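Thanks for coming, everyone. I'll walk you through a few places in it.

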Amino acid sequence: MSSEPTSIILSEENESTKPKRLPRSAKKRLRYERIRQKHKETPKKKKKPKSSHHHLSLELPISSDDVSTTQNISVTGKTFKRAANDRLAEINQESTAPAICIDCAYNEAMSPKELASVARQIGRCYSSNRRAQKPVKLILTNWSHDSPLAEECRRVTNGFDNFQIILSDKSIHESYPTERLVYLSPNADKQLTEIDEQNVHVIGGLVDESVKKNMTYQACQDKKIVCYKLPIETYMEHSIAGGSFNQILSINQVFDILMTYMATKDWRQALKANIPERKGWVVKNIPDSEENKIKTD
């Protein structure tokens, strides 16, 4: 009889010495305090000063009594845009400056999606021209300020209305003498082998996902405008890796090819740098004597 009370007493003692569980809110508070203390004890790393400007390289023309050259200077982003826009504004006033025109006469033939793509490509052309060593007059003909294309240009490109682009509501044959116009079309019979900077080179402002063949070529035929295609077949060949092998390029790709050729006088470099690899075209090895013959033909 004496053993039973003893066990009861021991059980009560165990219950009284057992630690109580903390509520969830208290556990969270303790965890927060530990993290806070650890953060205080950790030495702080010194932050590197951040540069508030991105530096870009800009080539500006410098002329003296005897020499005309360019100087490569490093400028911040805002300064670059201001200086580049000023330079384009000056070029737009020069009567002898080379000109590349985008013919915006095909708006009704395109869907809203295609118009948005044209607007983005026009923006890329402007960016390329602004960064070019040798900028050109960038002209948009058949332009309407309240057209769906104009609205898309403003939507997809910030500051479009401030771009140094020549906007003309006239057609290309009304804007320039027909004999000065050279229209680029993948459906043309002749290949462009030389660029005469006195001519106005025209790119059709068309993104045609349904591929309505001969649209730009037929427009040239109707207006008796000379039409050429880029010399892709002359200076390039099919890659063994395969590809689509078509010669339909975006507006900005054609623009960049023309710009690169005018700066380098090298078709292989211009085509290689700007035709996407997925097209499947690779540069041919052409002897200099044969290349000279191509240019004179």
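One definition to start: buried means under 20% relative accessible area, exposed means over 50%, and partly exposed is in between, with a 1.4 Å probe and protein chains only. By that rule Lys 229 is buried, at 13%.

Some ground rules. This is a predicted model, where local features need pLDDT of at least 70, side-chain atom pairs count only at pLDDT 80 or more, and totals for chains, interfaces and linings use all residues. Residues are numbered from 1 along each chain as its sequence is written, and side-chain values use heavy atoms, with hydrogens and water left out.

Now, salt bridges. I mean a side-chain nitrogen of Lys or Arg within 4 Å of a carboxyl oxygen of Asp or Glu. How many salt bridges does this rule give? The count is six. Lys 229 pairs with Glu 233, N to O at 3.6 Å. Glu 233 is partly exposed, at 36%. One network, held by shared partners, joins Lys 134, Glu 197 and Lys 265.

Take Lys 134 and Glu 197. Their side chains form a salt bridge at 2.8 Å, N to O. This pair links distant parts of the chain, 63 residues apart. Lys 134 sits in the loop between H4 and strand S4 (137-141), and Glu 197 in the loop between strand S7 (190-191) and S8. A word on those labels: helices (H or I, at least four residues) and strands (E, at least two) are DSSP runs, numbered from the N terminus. Buried or exposed: which is Glu 197? Glu 197 is buried, at 19%. Lys 134 is partly exposed, at 37%.

Next, Lys 265. Find it in the loop between helix H9 (251-264) and helix H10 (267-274). Lys 265 is partly exposed, at 39%. Lys 224 also has a positive phi, about 55 degrees, without being a glycine. Lys 224 lies in the loop between helix H7 (215-223) and strand S9 (227-229). Lys 224 is exposed, at 70%.

Over to helix H5 (residues 148-156). Arg 155 and Glu 152 both lie there, three residues apart, about one turn of the helix. Their side chains meet in a salt bridge at 2.8 Å, N to O. Arg 155 is exposed, at 54%, while Glu 152 is buried, at 16%.

Last stop: Val 200, in strand S8 (residues 200-204). Val 200 is buried, at 0%. Pro 98 is 102 residues from Val 200 in sequence, yet 7.2 Å from it in space, C-alpha to C-alpha.
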